[in-house]
Amino acid sequence: MATAGAPRRFCRCACFCTENLYVARYGLHVRFRGEQQLRRDYGPILRSRGCVSTTDFQQLLAEDAALAPEFLAVAEYSASPGADLKGLLQRLETVSEEKRIYRVPVFTAPFCQALLEELEHFEQSDMPKGRPNTMNNYGVLLHELGLDEPLVTPLRERFLQPLMALLYPDCGGGQLDSHRAFVVKYALGQDLELGCHYDNAELTLNVALGKVFTGGALYFGGLFQAPTALTEPLEVEHVVGQGILHRGGQLHGARPLATGERWNLIIWLRASAVRNRLCPMCCRAPDLVDDEGFGDGFTREEPATVDVCALT
Ligand SMILES: O=C(O)CCC(=O)C(=O)O
Ligand SMILES: [Fe+2]
């Protein structure tokens, strides 16, 4: 059907993280779903190109893969027919059942290291930089690094969406359509802690990237929308490469850093179908203002599609 009036939306294939990965050392493009699949599909050709010993293979897995095998397995399960919440919870760590906070390895350690190096180069450059959000003064917006399109969008569309659809169907987990991704940095002489807040997001992924530090734990209280009596907040430690999943409305903050440097990747996941009805920040119907990129994740009603054939 030909259409008129609707803006064209350009797309890309979300295969960046698993399809056609280029392994420079062995001059080969591979599809990566996990170690067993890689060995099965590419064992002979890799061996013929010098990837012979167990150590060679382990080095290949460690250095060339961005996503942790556990994360790939969880995403693959979530997208499989018949997947359900019970099955998913057997594959994730439940940090708090009551608060619906979960933990899962997301990135490999070498990928965290490579990303940190990239972030430090950017920090030291004189490229124009925006603040990651209104609360953190140090850190980087991923779209300024050029990593939004190739890294975060496929991560959201292909991997997080099926997972979040099972974990948080009532918070737009199955309708995620945009994000705001940034890295927060805490260091002595810079930001040290983060006050208690809720996110401008339906759902949030917070991944620890490093470096070496003490202090800085996350803490979680009740839901912003449903204030409860003050209870001891739940403290959650960071583990490099691992991600914490929580609802945007879950009140949280970060304890003061004591030593070292802490960098975390935060992805605020947004579902326009949810926020178009109620802005999570002002709790009113959104008063829409045009913005760039994903804006704050709200959309105007899509213009009705017109069947051009019907007009002739
Ligand atoms: O410091 C952290 O890791 C948490 C950051 C955070 O909650 C946020 O930026 O929304
Ligand atoms: Fe937050």
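1. Which residues surround ligand 1? Taking a C-beta atom (placed from the backbone) within 6 Å as the criterion, the answer is N133, N136, V184, L194, D199, N206, L218, H252, A254, N264 and I266. The elements giving two or more residues to this shell are β14 and β15 (257–270). By class there are five nonpolar, five polar and one charged residues; here Ala, Val, Leu, Ile, Met, Phe, Trp, Tyr, Cys and Pro count as nonpolar, Asp, Glu, Lys and Arg as charged, and the others, Gly among them, as polar.

2. A word on ground rules. This is a predicted model, where local features need pLDDT of at least 70 and side-chain atom pairs count only at pLDDT 80 or more, while totals for chains, interfaces and linings use all residues. Residues are numbered from 1 along each chain as its sequence is written, with chains lettered from A and ligands numbered from 1 in the order in which they are written.

3. Overall, the protein has eight helices and 16 strands, taken as DSSP runs numbered from the N terminus (helices H or I, at least four residues; strands E, at least two). Of its 312 residues, 32% count as buried, meaning 20 or more other C-beta atoms within 10 Å of the residue's own, with 12 or fewer for exposed, partly exposed in between, and C-beta atoms placed from the backbone. Among contacts (C-beta atoms, placed from the backbone, within 7 Å) between residues at least 6 apart in sequence, 77% join residues at least 24 apart.

4. Now the sheet with β14 in it. Four strands form an open, antiparallel sheet in the order β8-β14-β11-β12, where pairing requires at least two DSSP bridges between strands. β8 (194–197) and β12 (234–236) are the edge strands, each pairing on one side only.

5. What does β14 (residues 250–254) pair with? Two bridges join it to β8, antiparallel, with H197 opposite H252 and L194 opposite A254. β11 (residues 218–223) also pairs with β14 in the antiparallel sense, over four bridges, and there F220 has H252 as its bridge partner.

6. Helix α3 (residues 69–79) has F71, L72, V74, A75 and S78 buried. They sit on the same side of α3 because they cover an arc of only 165 degrees around the axis, going by the directions from the helix axis to the C-beta atoms. Their cover includes α4 (85–89), β5 (101–105) and α6 (148–167).

7. H238 is in the loop between β12 and β13 (242–247), and counts as buried because it has 20 C-beta neighbours inside 10 Å. Leaving aside neighbours within four places in sequence, H238 contacts A208, G216 and R262. Its C-alpha atom is 9.1 Å from that of N264, 26 residues away along the chain.

8. Some backbone spots to check. G210 and K211 are joined by a cis peptide bond, omega about -5 degrees. R100, in the loop between β4 (93–96) and β5, has a positive phi near 55 degrees without being glycine. C283 likewise has a positive phi, near 60 degrees, and counts as exposed, with 9 C-beta neighbours inside 10 Å.

How values were computed: Contact = placed C-beta atoms within 7 Å.
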